[in-house]
Amino acid sequence: MGIAALLAIIGAIVALRIYYRKKRREYLLAKYGNPDVVDKIMRKLIWEGMSQDQLLDSWGKPAAKD
């Protein structure tokens, strides 16, 4: 595989990540309507008073519940 092909693959991966991140942000903005909340979720932060849905959107489903 040549350098040009490798760079093309890397470029495609980066473009897909940007696309999916943009779509996720749009989804979260539609769901919560608050850009500050969406920014925190996108940075995978947690904070006091956040809802269960916000926590799941930030960190995902837990591996186990004890």
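This is a predicted model: local features need pLDDT of at least 70, side-chain atom pairs count only at pLDDT 80 or more; totals for chains, interfaces and linings use all residues.
Start with the charges: the protein has 12 positive and 7 negative ones, and their mean positions lie 7 Å apart.

**Whole chain.** Switch to cartoon. You will find 3 helices and 0 strands, arranged along the sequence as α-α-α. The protein is more spread out than a compact globule, because its radius of gyration is 16 Å, well over the 11 Å that the globule rule gives for 66 residues. Turn the view to the principal axes. The C-alpha atoms fill a box of roughly 50 × 30 × 15 Å.

**Surface and contacts.** Show the accessible surface next. The total is about 5,500 Å², with 61% belonging to carbon and sulfur atoms. Of the 66 residues, 14% count as buried. Now look at contacts with a separation of 6 or more: residues 24 or more positions apart account for 11% of them.

**Helix H3.** Select residues 52-59, which form helix H3, and pick out Ser58 within the helix. Is Ser58 buried or exposed? Ser58 counts as buried, because its relative accessibility is 1%, and the cut-off for buried is under 20%.

**Around Ser58.** Show the side chain of Ser58 and the backbone of Leu45. The Ser58 side chain reaches the backbone oxygen of Leu45 at 2.8 Å. Which residues does Ser58 contact, leaving aside its neighbours within four places in sequence? Select Lys40, Ile41, Lys44, Leu45 and Met50 to see them.

Notes
Residues are numbered from 1 along each chain as its sequence is written. Side-chain values use heavy atoms; hydrogens and water are left out. Helices (H or I, at least four residues) and strands (E, at least two) are DSSP runs, numbered from the N terminus. The radius of gyration is taken over C-alpha atoms; the globule rule is 2.2 Å times the number of residues to the power 0.38. Buried means under 20% relative accessible area, exposed over 50%, partly exposed in between (1.4 Å probe, protein chains only). Contact means heavy atoms within 4.5 Å. Accessible areas come from the Shrake-Rupley method with a 1.4 Å probe; for residues, only the protein chains shown count as cover. Lys and Arg count as positive and Asp and Glu as negative; His and the chain ends are not counted. The place of a charge is taken as NZ of Lys, CZ of Arg, CG of Asp or CD of Glu. A polar contact is a pair of N or O atoms within 3.5 Å; within protein, one must be able to donate a hydrogen and the other to accept it, and residues adjacent in sequence count only if both atoms are side-chain atoms.
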